[in-house]
Amino acid sequence: YYIESTDNTSIGHTLWRLKALSNSPAFFQYKNLLKETFHFTTALDISIFLNENKQFLAAAMTLCNEIASRFDCEQVSLGWQQGRYIRLQSISHMQRFEKKMNAVQDIEALMEETCDQDEEIIYPRLDSNNTIVKSHEAYSKTRGIPYIASFPLRTPDNVVGVLTCEKSDSQFTEKDITGIRLICDLSTPKLKELKEKDKWVGARMLAYVKNILSPIFGIEH
């Protein structure tokens with residue numbers, strides 16, 4: 001890259017941002033989107049903000065707040081896989097929430113509907129889309145939220161979380177969906193890394209041993 005600037009600080013910051021994004025496999029998958037300045041800049045900025053966090057919940061809150069702000073969402077929520085279920089971890093601009101609240105359980109139902117199908121769910125459903133939207137439809141009617149978009153957070157092995165966005169004033173455009181999808185793909189590796197670090201030592205050791213032994217004692221054997 002040629003950067004036309006004599007400001008060493010600006011040059012260094014730009015290169016740092018490029019390096020942060022290029023380290024992600026999703027960078028190559030979405031390289032054609034680099035022509036769209038909005039997607040590129042937004043994904044790059046959020047990736048850097050996440051890298052500045054040392055704890056999972058702080059990074060999750062940063063991700064939800066940034067997406068809510070940049071895509072004019074009423075609310076953005078992040079859920080993470082715990083056992084067989086998705087549990088809500090963070091809600092934009094909300095430091096604390098009661099996990100037994102009906103609203104929280106309703107959001108988790110949206111996320112599990114997304115996780116189970118391993119598909120993005122855009123509500124109202126597009127005509128060409130055959131995904132099941134029963135929980136999204138019920139949430140929309142109960143909470144009075146007309147537009148909902150849920151995105152699975154994927155690793156090469158499985159879905160580890162779900163991001164759900166809500167809008168009241170306007171539906172999600174194709175650019176919104178593409179941009180949020182890119183951000184999710186770029187953010188998932190960092191979130192997974194921080195989630196693993198947040199575990200107590202015994203849990204990390206158990207997960208490590210499980211990964212080592214799974215090729216030998218996995219269900220396929």
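In which strand is Val162 found? Please take a close look at that part and at what is built around it.

Modeller: Happy to! This is a predicted model, so keep in mind that local features need pLDDT of at least 70 and side-chain atom pairs count only at pLDDT 80 or more, while totals for chains, interfaces and linings use all residues. Residues are numbered from 1 along each chain as its sequence is written, and side-chain values use heavy atoms, with hydrogens and water left out.

Val162 is found in strand 5; helices (H or I, at least four residues) and strands (E, at least two) are DSSP runs, numbered from the N terminus. Val162 has a relative accessible area of 0% and is therefore buried. The term buried stands for under 20% relative accessible area, exposed for over 50%, and partly exposed for what lies in between, with a 1.4 Å probe and protein chains only. Setting aside neighbours within four places in sequence, the contacts of Val162 (heavy atoms within 4.5 Å) include Ser77, Leu78 and Gly79, as well as Ile86, Met111, Thr114 and Cys115. Ser150, Phe151, Pro152 and Leu153 are also among them. Between the C-alpha atoms of Val162 and Ser150 there are 6.7 Å, though twelve residues separate the two along the chain.

Five strands make an open sheet, in the order 2-1-5-4-3 and with antiparallel pairing; two strands pair if DSSP finds at least two bridges between them. At the edges stand strand 2 (85-91) and strand 3, each with a single partner strand, so one side of each has no neighbour in the sheet. On average, neighbouring strands are turned by 20 degrees against each other, direction ignored.

On one side of strand 5, eight bridges link it to strand 4 in the antiparallel sense, and the two form a hairpin with four residues between them. Ala149 faces Cys165 across this pairing. Six of the eight residues of strand 4 are buried. Strand 4 also pairs with strand 3, again antiparallel, over three bridges. There, Ile121 stands opposite Ser150, and Tyr123 opposite Ile148.

Strand 5 has another antiparallel partner in strand 1, with six bridges. Here Leu78 has Leu163 as its bridge partner. Strand 1 is mostly covered, six of its eight residues being buried. Strand 1 and strand 2 pair in the antiparallel sense over six bridges, with Leu88 as the bridge partner of Gly79. These two strands form a hairpin with two residues between them, and Gly83 in its turn has a positive phi of about 65 degrees.

What about the helices on this sheet? Helix 5 lies across strands 1, 2, 3, 4 and 5, and runs at about 125 degrees to strand 2. Helix 7 also packs on the sheet and touches strands 1, 2, 3, 4 and 5; its direction makes about 40 degrees with that of strand 4. For such angles, axes are lines fitted to C-alpha atoms, for helices over the stretch in contact, and values run from 0 to 180 degrees between N-to-C directions.

The largest nonpolar core holds 31 residues, and Ile67, Leu163, Cys165 and Ile180 have the most contacts inside it. A core of this kind is a set of buried Ala, Val, Leu, Ile, Met, Phe, Trp, Tyr and Cys residues joined through side-chain atoms within 4.5 Å. The elements giving two or more residues to it are helix 3 (37-51), helix 4 (56-70), strand 1 (75-82), strand 4 (147-154), strand 5 (159-167) and helix 7 (174-198). Helix 7 supplies the largest share, eight residues. A separate second core has 17 residues, including Phe97, Met111, Ile148 and Val159.

Ile67 is one of the buried residues of helix 4. Leaving aside neighbours within four places in sequence, Ile67 touches Ile46, Asp72, Cys73, Val76, Leu163, Cys165, Ile180 and Ile183. Asp72, which follows helix 4, has a positive phi near 55 degrees.
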